[in-house]
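This briefing is intended for a reader who has the sequence and the coordinates at hand. Please consult both while working through the points below.

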Amino acid sequence: MKILIMTLNNIKVGTRLSLAFGLILLITAIIAFIGVWRLQELAATTSRLGIEDSEKLKMAVQWRQTIDLNWIRTRASVLDADTGRMGMWQADMDKTSEISLASRKRLIELIQSEEGKELIAKIDAAREAYRTPRAALLKKKQAGDDVSAALDRDLKPLADAYSGAIYQLEQRQQMRYDASLAQAEDAAAQGRVIILGGAALALLLGTISSVVLTRSITIPLRQAARSASHIADGDLTQAINSVGRDEAAELQSALKNMQSRLVGIVGNVRHGTDTIATASSQIASGNQDLSSRTE
């Protein structure tokens, strides 16, 4: 601490203050930069989480749900004893198929990874393996054939494979969504730690800087004030040490020069007083001799 203060005493007070405030401003700027950087990363992760990953997951879930719904309708239409309602069942399935196709189309646009594309290709293969037998089964039902046995024996495994392939894609998107959510939470936690750590560092450095800067200014000024007080009381024997090249050192140097000159003036006054006293003594002695001779 003393070495640091002595070093600072060689720097002008104005420069010292500029360096101290500049250090604090630099740390503040660094904290602000890091905070903005982490917030930008968090914003990007949140955007991906809330828009891209969320939409992919939503489309995958919607695709699977519409396929499962159409399978229920297919089963109900096959088991329905009234073939006159086949048109109603088919119309409902066609509307749901439009939603399925829209979900598939949007997922193809969103998914760019090779793994995702392979899963969609697998789904398409399962879809084709399911759609053709289903159409044939419904056609036989429309013609009045009893196809209930073939429903569970032949068509259900294909429907399960189709839905299962979509479920794999759904699970993949759920994992990616969860990973993005965890990344966003980690980014927020890291940003919080960095900002708090930077603020603590700024507080610590600011406190140290203020203590050292204050002591480097006040200690020499107190010494100069004591020296001036001694001089004012007429005590010219106290040593005045001028350390450094700052304004306080210049003040101490001026007080030291003033003390030296006052010592010289006092010495001259004392010498003059002694001379006057000696001359007065000699005059008095001469007067006494003259008086003795006159008598």
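Which residue with a positive phi follows helix 4? Helix 4 is followed by Gly144, with a positive phi near 100 degrees. The model discussed here is predicted. Its protein chain holds six helices and zero strands, so that the order of elements from the N terminus reads α-α-α-α-α-α. Of the 295 residues in the protein chain, 29% are buried.

- Helix 4 comprises residues 114-142, a total of 29 residues.
- From first to last C-alpha, helix 4 reaches 42 Å, close to the 42 Å expected at 1.5 Å a residue.
- Val147 is placed in the loop between helix 4 and helix 5.
- Val147 counts as buried because its relative accessibility is 7%, and a residue must be under 20% to be called buried.
- Val147 and Leu137 are ten residues apart along the chain, and their C-alpha atoms are separated by 6.8 Å.

**Helix 3**

- Helix 3 spans residues 86-110 and contains 25 residues.
- The distance from the first C-alpha of helix 3 to its last is 36 Å, close to the 36 Å expected at 1.5 Å a residue.
- Buried positions in helix 3 are Met86, Trp89, Met93, Thr96, Ser97, Ser100, Ser103, Leu107 and Leu110.
- Residues three or four places apart in an α-helix point the same way, because there are 3.6 residues a turn.
- Ser97 lies in helix 3 and has a relative accessibility of 18%, which means that Ser97 counts as buried.
- The side chain of Ser97 makes a polar contact of 3.1 Å with the side chain of Asn70.

**Salt bridges**

- How many salt bridges does a search of the whole structure find? The search finds twelve.
- Arg64 takes part in a salt bridge with Asp68, in which the closest N and O atoms are 3.3 Å apart.
- Both Asp68 and Arg64 lie in helix 2, residues 13-79, and are four residues apart, about one turn of the helix.
- Asp68 has a relative accessible area of 26% and is therefore partly exposed, whereas Arg64, at 18%, is buried.
- Arg64 also forms a salt bridge with Glu170, at 2.3 Å from N to O.
- This pair links distant parts of the chain, since Arg64 belongs to helix 2 and Glu170 to helix 5 (residues 148-232), 106 residues apart.
- Arg64 and Glu170 are both buried.
- A salt bridge of 3.3 Å, N to O, joins the side chains of Arg127 and Glu128.
- Arg127 counts as buried because its relative accessibility is 13%, while Glu128 is partly exposed, with a relative accessible area of 44%.
- Elsewhere, salt bridges that share partners connect Glu55, Arg106 and Glu109 in one network.

**Annotated spans and a surface patch**

- The UniProt annotation "transmembrane region", from an unreviewed entry, covers residues 20-39 and 193-213.
- In the model, residues 20-39 are 100% helix and 0% strand, and their end C-alpha atoms are 29 Å apart.
- The span of residues 193-213 is likewise 100% helix and 0% strand, with end C-alpha atoms that lie 29 Å apart.
- Which residues make the nonpolar surface patch of about 260 Å²? The patch is made by Leu17, Phe21 and Ile24.
- Leu17 is found in helix 2 and counts as partly exposed because its relative accessibility is 33%.

Terms used. Residues are numbered from 1 along each chain as its sequence is written. This is a predicted model: local features need pLDDT of at least 70, side-chain atom pairs count only at pLDDT 80 or more; totals for chains, interfaces and linings use all residues. Side-chain values use heavy atoms; hydrogens and water are left out. Helices (H or I, at least four residues) and strands (E, at least two) are DSSP runs, numbered from the N terminus. The expected span of a helix is 1.5 Å times one less than its number of residues. A salt bridge is a side-chain nitrogen of Lys or Arg within 4 Å of a carboxyl oxygen of Asp or Glu. Buried means under 20% relative accessible area, exposed over 50%, partly exposed in between (1.4 Å probe, protein chains only). A polar contact is a pair of N or O atoms within 3.5 Å; within protein, one must be able to donate a hydrogen and the other to accept it, and residues adjacent in sequence count only if both atoms are side-chain atoms. UniProt positions are given in the numbering used here, feature names are shortened, and annotations may be inferred rather than shown by experiment. Patches are made of residues with over 30% relative accessible area and no salt bridge: like charges are joined within 9 Å, nonpolar side chains (Val, Leu, Ile, Met, Phe, Trp, Tyr) within 5 Å. Accessible areas come from the Shrake-Rupley method with a 1.4 Å probe; for residues, only the protein chains shown count as cover.
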